[in-house]
Each structure stands twice: as structure tokens, then as C-alpha cells.
Amino acid sequence: MRYAETGYNLEIDLTRGNIERVPTDPRLTELHLGGLGTNAKIFWDRVPPEVEPFSPENLLIFGAGVLVGTPAPGCNRTIVSAISPQTRLFGYAMMGGFFAPELKFAGYDKVIINGKSPKLVYLWIKNDKVEIRDASHLKGLGSLETAEIIRQELNEPNAAVASIGLAGENRVYFASIEQGRSSASRLGLGAVMGDKNLKAVAVRGTSKDINVAKPADFMKLCNQSLEYIKVRNEHPIKGVPPILSGIGSPQEMAIHDEQWHTENFAWGNARVRRKGFWTEDVAKQWKETLESRRTRLLSCYNCPMKCGAAISVDTRMCSYMMKCYSKLTYTMGAFSDLEFGLKIAQKATEHGVDAFSAPQTMAFAVELYEAGILTDKDMPEFPSDNEGRFYYLLDKIVRREGIGDVLANGTYWASREIGKGAEEYAHNTIKKTEQLPLKLGMLNPIYFIMYITGEKVNITQIEGNFPQMPFPTREEREEFVKDWVHVPDERFKQWFVDWELRGEHSIPNYPPVDAVCEIVNWQEQQHYIDDCTGMCAGLSSFPYKPPFHIHNLPELISSGVGLDLDEPGLVRLTRRNRNLVRANNIRRGMRRKDEKPPEDHWKKRFPEFEKNLMDEYYKFKGWNLDGVPTIETLHELGLDYVAEDFVRRGILSEEGDSQPREAPSKGIES
């Protein structure tokens with residue numbers, strides 16, 4: 001018997017209209033768990049580096065985490081994977097909600113989609129009944145409107161529907177896949193879905209029970225976590241911003257105090273910090289706006305937290321779920337207020353665009369216009385007010401009309417097509433993808449490594465359990481570590497206790513380089529575990545002192561999946577997945593030259609120190625000086641087939657040298 005998973009994937013060939021239910025190899029679960037791990041293995045096996053993002057051979061995978069559908073709290077994540085049109089690399093994005101549990105209950109661990117339909121279609125999955133259905137009547141409709149029409153059409157009000165809007169249909173590089181209570185937003189996976197002429201995937205599962213290997217042990221751990229969540233919610237962390245004091249995803253929709261974001265994050269095209277912005281009048285206005293537009297707080301499947309909220313602004317459109325920092329991205333991009341941000345976010349969600357990249361791309365266009373690089377010829381009838389400009393640009397981008405056809409490729413690619421100095425304004429990308437709009441002072445070595453080496457190209461999917469900055473006093477830090485059982489070992493406590501805001505033990509000189517390597521590795525490790533199990537980062541890898549951590553996750557996974565995993569075993573498995581994800585990208589041309597933060601992210605930079613940081617982190621990870629996993633590392637992790645491929649392609653030599661080698665001429669610039 002297979003435990004925690006169904007043992008079957010659903011293979012869809014849109015070119016031929018072929019549907020196949022395929023049994024999976026349980027050995028892959030032992031090696032890679034599920035979710036991101038097995039997605040990465042499928043891409044390695046089936047998608048050569050020559051395959052372009054908008055190629056029928058590019059796969060689009062909806063993969064449920066291995067613990068999704070079990071009683072484990074917060075295990076509801078779908079890991080969506082494809083070759084990204086933005087980065088030209090292996091891309092993945094997570095979405096919560098109910099899609100993955102419905103997929104598991106229908107009898108499938110993944111939906112693997114290849115080919116390209118000759119006409120617009122949607123996929124309907126209900127248990128053993130799987131259909132490719134005509135979607136011509138849905139063309140041009142919004143993502144949430146599409147989902148509602150499909151549910152009515154099928155007479156299935158509880159179906160989970162992942163759909164795209166105009167942005168996906170028109171292959172906007174930062175198009176999202178929307179799914180009611182969540183979305184797969186980063187890296188343009190909605191554009192890949194649109195390129196395949198796939199408007200939506202709807203799923204309803206009622207026939208499959210998900211079994212766990214050791215029910216008594218598993219339920220004991222689940223119940224312990226629920227009890228811990230209650231206690232943790234009653235005792236928020238002191239001395240940190242309100243959104244970081246609890247657990248779950250940052251509680252943006254439940255709180256009103258936005259001083260931390262609005263005064264520390266950069267506005268516009270990631271340029272301007274507005275110290276002193278958060279006044280009593282602003283606080284009152286924003287509180288009234290949020291309370292009048294937020295109809296209720298929402299949770300994902302099998303989760304006691306309420307991290308998102310249903311927002312209703314324009315009643316002509318479906319209400320939408322908002323969570324975390326997307327509450328502020330349009331507001332701050334346009335130098336406007338919360339009312340505007342909630343209104344345009346509703347339109348943007350219907351169109352299906354990433355709430356990090358879209359507002360920055362629009363602010364980038366405004367800057368180019370004000371600098372005279374773009375003119376009235378490029379943007380006829382361009383409004384004079386910032387709010388009007390953002391609505392104008394959103395409409396142009398999602399339709400790929402006029403200048404919108406260029407901007408739809410994101411700031412990196414658009415700046416190179418526009419020319420005339422536009423490249424200087426595309427200043428907030430890593431691996432060609434827009435980042436959180438932060439412009440800070442002194443270089444932070446922990447965040448330097450996290451930003452540049454993260455394969456998901458999203459800092460919030462790397463940072464986590466280690467505090468973002470030291471607490472003001474040693475007494476506060478000592479109090480914090482007393483019940484900090486989550487750390488891999490006691491050294492992490494001492495590193496935090498000794499970390500200071502000013503002086504000898506402050507950034508960039510502290511934490512020491514060896515500690516930086518271990519802290520970043522630990523935080524990244526926890527996210528990779530979540531992305532394989534399907535657990536929400538809000539209950540594990542992201543908040544301070546979460547219910548799930550490296551000491552109890554091995555037992556949870558073992559009792560659920562039927563594996564014999566201890567801490568070293570889970571760490572090794574996670575390292576294997578981490579290196580396989582990287583191998584996919586190395587094979588596509590990614591190298592050390594691609595791993596650098598925005599030049600102006602920190603005012604004070606230290607080139608030699610940064611070089612040493614990268615050298616030491618690469619060494620710590622078992623990579624050579626160009627960021628390529630060495631033959632020794634790959635052999636240790638059971639990835640000899642990767643090493644053989646690297647040698648065959650000339651990426652590594654048979655001697656396993658550790659010197660930088662030239663990337664293939666194609667690289668990721670093409």
C-alpha cells in the first residue's frame with residue numbers, strides 16, 4: 001500500500017488530446033519525497049535544456065505535496081513548475097487553497113501537462129473522469145470569473161479551479177495562475193499555461209482515501225502541533241513588527257499597523273523610502289478602508305490560521321482573496337492610498353498578474369516617461385495622475401497593446417528592448433525577476449546570500465526561522481532563545497545572542513561567515529522540506545518558533561509516508577532535492593555571474609567581502625567556484641546521473657575540477 005500519496009500521476013498531452021493515468025515509482029518518494037522534489041526529477045528526465053519556455057515540450061506540472069490530504073495541519077500546497085519565460089530557468093511557485101487536496105482525493109499526486117492545444121480548452125478532473133473541454137466561451141474572461149462559470153457549468157460548486165486571465169492568455173511574462181484562495185504567482189507560469197491554450201484546470205475529488213503509515217503516531221504529532229499553535233497564538237513574539245509576532249503567513253489582513261512596511265520598504269520603482277509616512281491620520285484612514293473592504297478572514301484547507309481575507313471593492317467583479325504584502329504593492333508602487341491598492345488589485349487578480357512584478361513594472365514605465373525615455377508617442381493619452389497611469393498601464397500590459405507589449409516582458413527584458421538608457425531603471429531584478437522593493441543601508445551578509453542563491457527568486461521563500469535583525473538588547477535576545485527548540489543545534493542560539501545592532505558584532509562583520517553559511521542553509525532547508533511535503537511555510541519554515549521544525553518533521557513524514565527518516569536522513573534528502581533543482585538550472589546555463597543582488601539594494605557594499613562570502617557559501621554547499629555542484633557532492637547525494645550529464649556537456653571535467661568553467665554559449669541571456 002502507498003501511504004500519504006495516491007501512487008498515480010495524470011498525464012495530459014494537449015497536442016494529441018491524450019489522457020493517461022500513470023502509476024509512479026515508490027522509489028522516487030524515498031529519494032525526493034514529492035512536490036518540488038519529484039517535479040524537479042521529472043524536469044531533469046524529460047525537459048532538455050534546449051526546450052524554450054513557449055515550446056510544446058515545456059511541461060507544466062501541478063504537483064501536490066506528499067502530506068497533502070492527510071490530517072497534517074497546513075498541508076495543502078500545490079507546487080506548480082515549468083520553464084519560466086522570465087528567467088529561462090526551471091521555475092516553481094506554490095499555491096495554497098484547496099486544489100492539491102482535491103487532486104489527491106480524486107486519485108492523483110500530479111497533473112503533468114505537455115503539448116499545446118490547437119484551441120482554448122480547460123481540463124476537468126473528477127475522480128476517474130477526466131476531460132479536455134472546449135473553453136472558447138471563456139476567452140478573455142477574468143481568472144475568478146472563469147472559475148465561477150466553470151463551477152456553474154459543471155454543477156460542481158466545490159470544485160477547485162486554477163485559471164488564468166488575459167495576462168496568461170497573452171503570455172505576459174509575469175502572468176499568474178489564480179485559484180480562489182491562493183495563486184501561483186512568481187516566474188510567469190500563467191504565461192506557460194496560456195501558451196498551451198489551457199484556460200483552467202478544475203478538479204473535484206470524492207473517491208480516494210489517503211492513508212498514513214502509522215495513524216496513532218501521526219495523529220499524536222498533529223494534535224501536539226494544534227495545541228502548540230494555540231499557545232503560540234496566545235504568546236506573540238515581543239519586540240518585532242506585528243506581522244512577524246505570530247505564526248502563519250504574515251497577518252497582513254488582520255492588522256492595521258503598516259508602519260513597518262510603508263516606512264522601510266521602497267515606494268515607486270523601488271526607489272524612495274518614506275520615513276515619517278505613517279501618521280495618525282493615515283492610520284485612521286487605512287483602518288477604515290480595510291475594515292470596509294475586508295468581508296471576512298480566510299483559511300486554506302485544513303489550517304487553523306486565517307492568513308488571507310476576502311476583499312470586495314468593485315461588486316461587478318468577483319471578490320478576491322488577498323494576503324501578505326500584496327496588500328501594499330500597488331499602493332506603494334503608485335504613491336497612492338490603500339483604497340486604490342485594493343481596487344486595482346481586484347482588477348489585477350482577474351487579469352492574473354504577479355502582485356510583486358506587475359506594480360514594479362508599471363512604476364518603471366512611469367519613471368521612463370518622466371525621464372523622457374518613453375513619450376506620448378509610446379503612450380498616447382497617458383493620464384497625468386499616478387492612479388490613472390497605473391490603470392492605463394495594467395490594461396495595456398495584460399492585452400499586450402502598444403507599449404504594453406514590451407512591458408509585458410518585465411523590467412529586465414523591456415529595458416533592453418526600449419534602450420536609450422532604460423537599463424538603468426531596471427535596477428531591482430535578480431535573475432531577471434523583480435524583487436521585493438527594499439533599499440537598505442549596510443550590507444547584510446545573510447540576506448546577500450539568500451537573495452542571490454535562491455532558485456525560486458523570491459526572498460520570502462528562503463528567509464524564515466532566524467530573526468531578520470537582532471533584538472535591541474542582549475537581555476531580550478537571551479529571553480528569546482530560552483524556548484528556541486527549533487534550531488538545528490545550540491550554536492544558532494549563541495550566534496543570535498551575540499548579534500548586535502551596532503558595534504563589533506553587527507552587520508556586515510557579524511554573524512561570522514561560517515555562521516552565515518549555516519543560517520542560510522538552515523532556512524533554505526526548511527523551505528525545501530515544506531515544498532516537498534506541501535506544508536504551508538507559515539507553519540514551518542517562515543515564522544519564528546513555528547509548530548513544525550527539523551526535530552519533529554522527520555517523525556511526521558516517517559509516520560505519514562512510511563519512510564524511516566531521522567534528522568540526518570531528512571537533511572540529506574533535502575540536500576539532494578536542492579542540488580537537483582540547481583542542476584536543472586546549471587544545465588540551462590545559470591552560473592555565478594547570474595547570482596548577484598541589485599546594485600543599489602544596499603548603500604554600503606564590500607566587493608572583496610562579498611566575493612569571499614560567495615566562495616565560502618559555495619564551498620559549504622559542495623559547489624565549485626562557479627556555483628556548479630561538484631562530482632563529489634553529486635555522488636554523495638546519489639545524483640551520479642547529473643554528474644555524468646555535466647561531464648558529457650563539458651560543465652564539469654572528469655577529474656571533478658573545482659575551477660570556474662565557461663557556461664554554454666546559449667546561457668540564460670537568450
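Analyst: The secondary structure of the protein comes to 25 helices and 19 strands, where helices (H or I, at least four residues) and strands (E, at least two) are DSSP runs numbered from the N terminus. The radius of gyration is 24 Å, close to the 26 Å that the globule rule gives for 670 residues, so the protein is as compact as a globular protein of that length; the radius is taken over C-alpha atoms, and the rule is 2.2 Å times the number of residues to the power 0.38. This is a predicted model, in which local features need pLDDT of at least 70 and side-chain atom pairs count only at pLDDT 80 or more, while totals for chains, interfaces and linings use all residues. Residues are numbered from 1 along each chain as its sequence is written, and side-chain values use heavy atoms, with hydrogens and water left out.

Along the principal axes, the C-alpha atoms fill a box of roughly 65 × 60 × 55 Å. Of the 670 residues, 64% count as buried, a term that means under 20% relative accessible area, with exposed over 50% and partly exposed in between (1.4 Å probe, protein chains only). Among contacts (heavy atoms within 4.5 Å) between residues at least 6 apart in sequence, 69% join residues at least 24 apart. The protein exposes about 24,400 Å², of which carbon and sulfur atoms supply 49%.

Nine of its nine residues are buried, so helix 17 is largely enclosed by the rest of the structure. These residues are Pro445, Ile446, Tyr447, Phe448, Ile449, Met450, Tyr451, Ile452 and Thr453.

Leaving aside neighbours within four places in sequence, Glu463 is in contact with Tyr447, Met450, Gln468, Gln523, His527, Ser541 and Phe542. By contrast, Ala365 lies 98 residues from Glu463 along the chain, and the C-alpha atoms of the two are separated by 30 Å.

The bond from Ile507 to Pro508 is cis, with omega near 5°, and Pro508 is placed in the loop between helix 19 (491-498) and helix 20. A cis bond also joins Tyr510 and Pro511, with omega about 0°, and Pro511 is found in the loop between helix 19 and helix 20 as well. For comparison, most residues other than glycine have a negative phi, and most peptide bonds are trans.

Asn127, in the loop between strand 7 (121-126) and strand 8, has a positive phi of about 55° although it is not a glycine, and at 12% relative accessibility Asn127 counts as buried. Glu381, in the loop between helix 13 (357-370) and helix 14 (386-399), has a positive phi of about 60°, yet Glu381 is exposed, with a relative accessible area of 76%.

The cysteines complete the picture. With a disulfide taken as a pair of cysteine sulfur atoms within 2.5 Å, the count comes to zero. Cys536 is buried, with a relative accessible area of 7%, but its sulfur is 5.9 Å from the closest cysteine sulfur, in Cys307, too far for a bond. Cys222 is likewise buried, with a relative accessible area of 1%, and its sulfur is 7.9 Å from the closest cysteine sulfur, in Cys75, again too far for a bond.

How values were computed:
Areas by Shrake-Rupley, 256 points an atom, 1.4 Å probe, with all protein chains shown as cover.
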